[in-house]
Amino acid sequence: MEFDCGGWINLLSHKVKKRLNSTLADLGITAVQSRILFYILKHAPEGPVFQRDVEEAFELSRSTATGILQILERNGVILRNSVPYDARLKSLVPTEKAEQMNAQVHACILETEQAMTRDISPGQLQLFKEIAAKMSENLDAV
């Protein structure tokens, strides 16, 4: 079957999520949850991470981000802590469980990335990233 650009992007997205969901099932998290957890773990040492940061980084609606973060909190992977300077804000803090999962989550993401990019040259990957960034920019401008 011949796909247009959107069709290929959709197909790749589905395959990446399916693979990550399968490999992360033992940890009890999904592909989307793993990406958000990885983001929180990466940025928390730099300073507080808030829900709005997750919304912006992943271009999620408030309700979608809330749902994902509630599941991570319910599963004991993150905590929402009040910040002293604004009672409305809750920082997203990874728990000990998240720290223990970090290496496995990172390994699953890297393994999927390596499988997906096998036999593709660094130049081709760079070109793909530039084209994908331009497509994203184009869609933002519409």
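This is a predicted model: local features need pLDDT of at least 70, side-chain atom pairs count only at pLDDT 80 or more; totals for chains, interfaces and linings use all residues.
View 1. The largest share, 4 residues, belongs to β2. Lining the pocket are Phe50, Gln51, Arg52, Arg80, Arg88, Leu89, Lys90 and Leu92. By class, 3 are nonpolar, 1 is polar and 4 are charged (Ala, Val, Leu, Ile, Met, Phe, Trp, Tyr, Cys and Pro count as nonpolar, Asp, Glu, Lys and Arg as charged, the others, Gly among them, as polar). The volume is about 150 Å³. A pocket is an open set of points on a 1 Å grid where a 1.4 Å probe fits, with protein on both sides within 12 Å along at least five of seven lines; lining residues have an atom within 4 Å of a point. Volume is the space filled by probe spheres set on the points, joined across faces, edges and corners.

**View 2. The largest pocket, about 1,500 Å³ in volume.** Its lining counts 31 residues; Ile9, Leu12, Ser13, Phe128 and Ala132 lie nearest the centre. Two or more lining residues come from each of α1 (5–24), α2 (31–43), α3 (51–58), α5 (96–117) and α6 (122–141). The lining has 21 nonpolar, 4 polar and 6 charged residues.

View 3. The structure has 0 disulfides (cysteine sulfur pairs within 2.5 Å).

**Notes.** Residues are numbered from 1 along each chain as its sequence is written, and side-chain values use heavy atoms, without hydrogens and water. Local features need pLDDT of at least 70 and side-chain atom pairs pLDDT 80 or more, while totals for chains, interfaces and linings use all residues.
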